[in-house]
Amino acid sequence: MPPAPPPEDPVALLVATLGGAGGLGLLAWVLASRSLDTPARAALIAAGLALTAGAALHWRLARRARRLQAQAAAEHQAAQSARTQLSAMLDILPDGLAIYDADDRLVLCNARYREVAPGASMHLEYGTRFEDVLRRAAGSGHIVDAQPDPEAWLAGRMARHRSPAGPEVQEVRGDRWMRLTERALDGAGVVVLRADITSVVHKERALKQALQDAERAERSLREAVDAMPAGLEIYDEQDRLVLCNAHMARLRPHLPVQASLGKTYEELLREGLRHGIPEEARGQEELWLAHELAIRGHRPGPEVRHDPGGAWMHMHESRTPSGMTVCVRLDISDLIEQRQKADAARQESQRTRQLLERAVEALPVSIEIFDEQDRLVLYNQQLSRMYPHMNYADHLGSKFADILRHSLDRGLIPSARGREEAWIAERLSEHGSRTSTLVQRLADGRWINIYETRTPENYVVAVRLDITDLIEQRQALETANEKLALLSTTDGVTNIGNRRRFDDRLGTEWLRCGRHQSPLAVVLIDIDHFKLYNDHYGHLAGDACLRRVAQLLQGTIRRADEVAARYGGEEFALLLPDAPLADAIVVAQRCMDALRDAALPHPRSPTAPVLTLSVGVASLVPRTDAGPDTLVHAADAALYRAKYGGRNRMEVFAPPSEG
Ligand code: GH3
Ligand code: MG
Ligand code: MG
C-alpha cells in the first residue's frame, strides 16, 4: 500500500503567499506610483519581481521538499515493513541471530536471540552497542568463563568479535552451553549466531562418559581375563579366535596370540598339528581333526587331558546364546597330585585301620572305646568272650552307665550288690580318670584287671585283662611263702616256734611296745636235769619229752600275739607283749602248774621224781637306748637265780634300781 502524501507545510505556504503577495503588491505600487525616478522604479520593480519570483521559488522548493519527504517516509515505511517481515522470518530460526552494523550497534535480532542471550531478561534494544551487550552479559554472572576476570574476558571476546574465526562454545550458568558463530558482513557489520547446544553437550558428555565407562570396563575385563589362573579363548560365530588371554598364550607357546587372532578354530588346530600338538593326534592327524571339528560346541562335558609336558589340563568348552564358543583350560596338576596323594593316604589309612582292627582282635585283652559322650563306639570280640552274658552288639551306641546297669542287672559284679547306684556313681566318676588299674571280681570267680585312659579327643579306651590265673598263682605262691616262713620259724622236734621266730617277734614287739611305752615280758624256761633224763630214757624219749613240754607250754598262752618257742636244747621262751610283770608271773606260774599237773616221771632227777622246770621272768618297758637282748638277759639272770636257788622254781628279774 503506497504511503499517504505528506500534509501541506503551513509555514512554507504562508511564506510563499506572503512573499508572492508582497512582490506583486510592490510591483503594483511601483507601476502606479509616478513619483519614483526611473532607477528607483527599476530597482523596486526588480525587487518586486525578485520577491515574487522568490516566493514562487520557495513555493516550488517547498513542494519539492514535501514530495521528497513523502518519498523518504514511504521508503522508511517499506524498510520498516521489510525488517518486520525479516524479523518474523528470523524468529522461526531455532537459533539466536543478531546483526550488528558497522558501528557495532544492534540492528536486528530474533526473539530466540533474546531468549538464549546470557541474562535472558536483558532488553536488547536496537542501536545498543555490542560491547555494551557483552558488558551487561559479563556483569550478569551468567557466563562462566567471564566469572574470574570479566574485563579480560571482555577484551578477548571483543577481539574475536572484531575478527571472527571459527565458532566457539560458551558455558552459561546452570550447565547450559551455547555455540557462538560470528560472520563479518560485506558492509562491515557482524552477524552473531547463538545456538543453545546444552542438550547436545549433555548428550555428548553422557556419551563420552559411557564411552569411558565402557573402555574402563573393557580394560578391567581384559585385565581380569589376563589375571585368570586359567586359559581363556573366545571364538566368534564364525569360529574365529577373537580373544585369548595371557594364560592361554602361555599354554600354547606355538601359537602367538597376535598372529592367531582372526584365525578359525580349524586353522589353529592345523597350526598345532604342524607342531606335533596334540601328541595323541600323531599319525592320524586328519582323523583327529575331523573328530575335533565334529564335536566342536557339542562336547559332552569337561575333559581332562594329560599334556605332553606332564601337566594335567581340565578343558571346558561352551557355546554362548549368540553362537560364540568359550574355551577354558585349567591346569589341575596340583589337584590331581593332591587327589593321588589323598587316595594313597586313604588306602594307607585303610590298611592301617585293618591292621589295627586285626591287632585289636588278636590282643589277649578286651578293648572298649567310648566317645566323648561316653557312648560305646568300638569293642573287640575278647570283650564278648570275657562277659558272655552281655550282648555288646546291642550296646553299641549305649551310654557307659546303661551298660554298667545292664551288667548289674545280670548280677555280674558281686561287690556292687546292695549298693548298685553308689557303685555306678563311683565307676562313672572314675571312668577314664583312674590313676591306677581296677581289679574287679566277677560273680563266677574270675578276676578282671581294668585299665581305663582318656585320649586327647576325650574318648575313653578301656582295656580288660582276665588275671584270674595270675591271682590264683599269686595266692598259691603267697600260701607257699607263708608255709615256708612258718616252716623256717618252727622247731622241727617240738613243732612250736623256734629261736628265730622268737627273735623276730622279740625285735618287732620291742619296737612296738617301745613306741606305745607298753611293758614287754619274757619268760625263760629250762628243764631241770634233762641230761639225766636222756641218760635214763634215751635220746628219742628225750625228744618226745621235749615235744610234750612244748605242748604244755604252748597251752599256757592265750593271745595271738604271744609266742611260745623252743629257745634251744631243753630251754623254752615265752614272749608276752603288753604284759606287765604281774601278768608275766601269772603265765610263768601257769607253766609250772601245767608241768606239775602232767607229772612226767623223771626217776633220776635229784630235785623231784617228776620233770621240773626252772623259770626266769622279766618285764620291761622298752627303751630306745637299749636293745631287745636287755630283756632276754634280764630273764636269763632270773632263770640263773632259779637254777642256783634249787631249781623247780620261778625267779623274777628285779631291776638294779629297785634292788
Ligand atoms: P640243769 O638242771 O643244770 O639244767 O641240768 P641239765 O642236765 O638239764 O643241763 P645240761 O646243760 O647239763 O644238759 C642239757 C642236756 O639236754 C644235754 C643234752 O643231752 C640234752 N639235750 C639238748 N638238746 C636235746 C635234744 O634235742 N634231744 C634230747 N633228747 N636231748 C637234748
Ligand atoms: Mg639247759
Ligand atoms: Mg636243764
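Which residue bridges the magnesium ion (ligand 3) and the magnesium ion (ligand 2)? Asp-526 does, and the two ions lie 3.3 Å apart. This is a predicted model, where local features need pLDDT of at least 70, side-chain atom pairs count only at pLDDT 80 or more, and totals for chains, interfaces and linings use all residues. Residues are numbered from 1 along each chain as its sequence is written, chains are lettered from A and ligands numbered from 1 in the order in which they are written, and side-chain values use heavy atoms, without hydrogens and water.

Stay with ligand 3. Its protein donors are Asp-526 (OD), Ile-527 (O) and Glu-570 (OE), at 2.0 to 2.3 Å. Donors are N, O and S atoms within 2.8 Å of the metal (3.2 Å for Na, K and Ca); water is not among the atoms, so sites may look incomplete. The donor spacing in sequence is D-I-x42-E. Ile-527 sits in strand 16 (residues 520-527), and Glu-570 in the loop between strand 17 (563-568) and strand 18 (571-577), 43 residues apart. Helices (H or I, at least four residues) and strands (E, at least two) are DSSP runs, numbered from the N terminus.

Ile-527 counts as buried because its relative accessibility is 0%. Buried means under 20% relative accessible area, exposed over 50%, partly exposed in between (1.4 Å probe, protein chains only).

Now turn to His-602. This residue lies in the loop between helix 20 (581-598) and strand 19 (613-620). His-602 is buried, because its relative accessibility is 0%. Leaving aside neighbours within four places in sequence, its contacts (heavy atoms within 4.5 Å) include Asp-528, His-529 and Tyr-533.
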